[in-house]
Amino acid sequence: KQEVTQIPAALSVPEGENLVLNCSFTDSAIYNLQWFRQDPGKGLTSLLLIQSSQREQTSGRLNASLDKSSGRSTLYIAASQPGDSATYLCAVVPASGTYKYIFGTGTRLKVLA
Amino acid sequence: NAGVTQTPKFQVLKTGQSMTLQCAQDMNHEYMSWYRQDPGMGLRLIHYSVGAGITDQGEVPNGYNVSRSTTEDFPLRLLSAAPSQTSVYFCASSPGTGRNQPQHFGDGTRLSIL
């Protein structure tokens, strides 16, 4: 059974720091992996989607990498800002069976001004 | 620019009551889904639909029913509410089968069962 883990559960960093969020999954047979952002009391916003054949995706200050063989993905945030404070979740779509997302429990990020 | 709209935003029910959570999207997306989010457990898929007239079960379907009579709407029905169904419920949609398309989420319905 596919399981998705995100460590740490919470993280506080000073403004301007570059940081890395981690996502691990137990079964390397995935169709894609997505990173989402969730603000308090809000739904999820898709940040980056990496297909299984890709190694990384970039959007502005965000860069997500995927290493299927080791079951890992990282989300790199450059020059963090207080507005980046949110919960970040990753989710995978298994390569076989019906289409469904399996989510990690998220990393709650706080960027201090 | 509505996207995915969920109503109501908050609801309190008594054990045994029934209710319907509404979800509507105006992007002509074929794929729609319902999740529940509980502390420490992430989001879990309840039911999903790949198009009008087609629905299937997700990871935690017990106690919930869905239907998809139109492309736009995907209501979630709680048949007999139980305290274990206290949660935040999210509806999401994607174009096509959704496999390689980002999901668009609503703002959620916060449901408490007393």
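A:Asn22 stands opposite A:Thr74, a residue of strand 8 of chain A. Strands here are DSSP runs of E with at least two residues, while helices are runs of H or I with at least four, and both are numbered from the N terminus. The model is predicted, so local features need pLDDT of at least 70 and side-chain atom pairs count only at pLDDT 80 or more, while totals for chains, interfaces and linings use all residues. Residues are numbered from 1 along each chain as its sequence is written, chains are lettered from A and ligands numbered from 1 in the order in which they are written, and side-chain values use heavy atoms, with hydrogens and water left out.

**The sheet in chain A**

- Strand 3 and strand 8 of chain A run antiparallel and are joined by 6 bridges. Two strands count as paired if DSSP finds at least two bridges between them.
- Chain A has an open sheet of 5 strands in the order 1-3-8-7-6, with antiparallel pairing. Its edge strands are strand 1 (4–5) and strand 6 (56–59), and each pairs on one side only.

**Sheets and pairings in chain B**

- An open sheet of 4 strands in chain B has the order 1-3-8-7, again with antiparallel pairing. Strand 1 (4–7) and strand 7 (64–66) of chain B are the edge strands, pairing on one side only. From one strand to the next, the twist averages 20°. For such angles, axes are lines fitted to C-alpha atoms (for helices, over the stretch in contact), and the angles run from 0 to 180 degrees between N-to-C directions.
- Strand 7 and strand 8 (residues 76–78) of chain B pair in the antiparallel sense over 3 bridges. B:Tyr64 has B:Leu78 in strand 8 as its bridge partner.
- Strand 11 (residues 109–113) of chain B pairs in the parallel sense with strand 2 (residues 10–13) over 4 bridges. There, B:Gln11 has B:Leu111 as its bridge partner.
- Strand 9 (residues 87–94) of chain B runs antiparallel to strand 11, joined to it by 3 bridges. B:Val88 has B:Arg110 in strand 11 as its bridge partner.
- The covered face of strand 11 of chain B holds B:Thr109, B:Leu111 and B:Ile113, and the uncovered face holds B:Arg110 and B:Ser112.

- A:Leu21 lies in strand 3 (residues 19–25) of chain A. A:Leu21 is buried because its relative accessible area is 0%. Buried means under 20% relative accessible area, exposed means over 50%, and partly exposed lies in between (1.4 Å probe, protein chains only).
- Leaving aside neighbours within four places in sequence, A:Leu21 is in contact (heavy atoms within 4.5 Å) with several residues, including A:Trp35, A:Leu75 and A:Tyr88. A:Pro8 is 13 residues away from A:Leu21 along the chain, with 7.9 Å between the two C-alpha atoms.
- A:Gln38 belongs to strand 4 (residues 30–38) of chain A. A:Gln38 has a relative accessible area of 10%, so this residue is buried. Its side chain makes a polar contact of 3.0 Å with the side chain of B:Gln37. A polar contact is a pair of N or O atoms within 3.5 Å; within protein, one must be able to donate a hydrogen and the other to accept it, and residues adjacent in sequence count only if both atoms are side-chain atoms.
- A:Asp84 sits in the loop between strand 8 (72–77) and strand 9 (86–94) of chain A. With a relative accessible area of 7%, A:Asp84 is buried too. The side chains of A:Asp84 and A:Arg61 are joined by a polar contact of 2.8 Å.

**Aromatic rings**

- Rings of Phe, Tyr and Trp (its six-membered ring) pair if their centres lie within 6.5 Å; planes under 30 degrees apart are stacked, over 60 edge-to-face and the rest tilted.
- The whole structure has 10 aromatic pairs over all chains. In A:Phe103 and B:Phe105, the ring centres are 6.4 Å apart and the planes are at 80°, so the pair is edge-to-face. A:Phe103 lies in strand 10 (residues 102–103) of chain A and B:Phe105 in strand 10 (residues 104–105) of chain B, so this pair joins two chains. Both A:Phe103 and B:Phe105 are buried.
- B:Phe90 and B:Phe105 are also edge-to-face, because their ring centres are 6.5 Å apart and their planes at 75°. This pair links distant parts of the chain, with B:Phe90 in strand 9 and B:Phe105 in strand 10 of chain B, 15 residues apart.
- One aromatic cluster is formed by A:Phe36, A:Tyr101, A:Phe103, B:Tyr35, B:Phe90 and B:Phe105.
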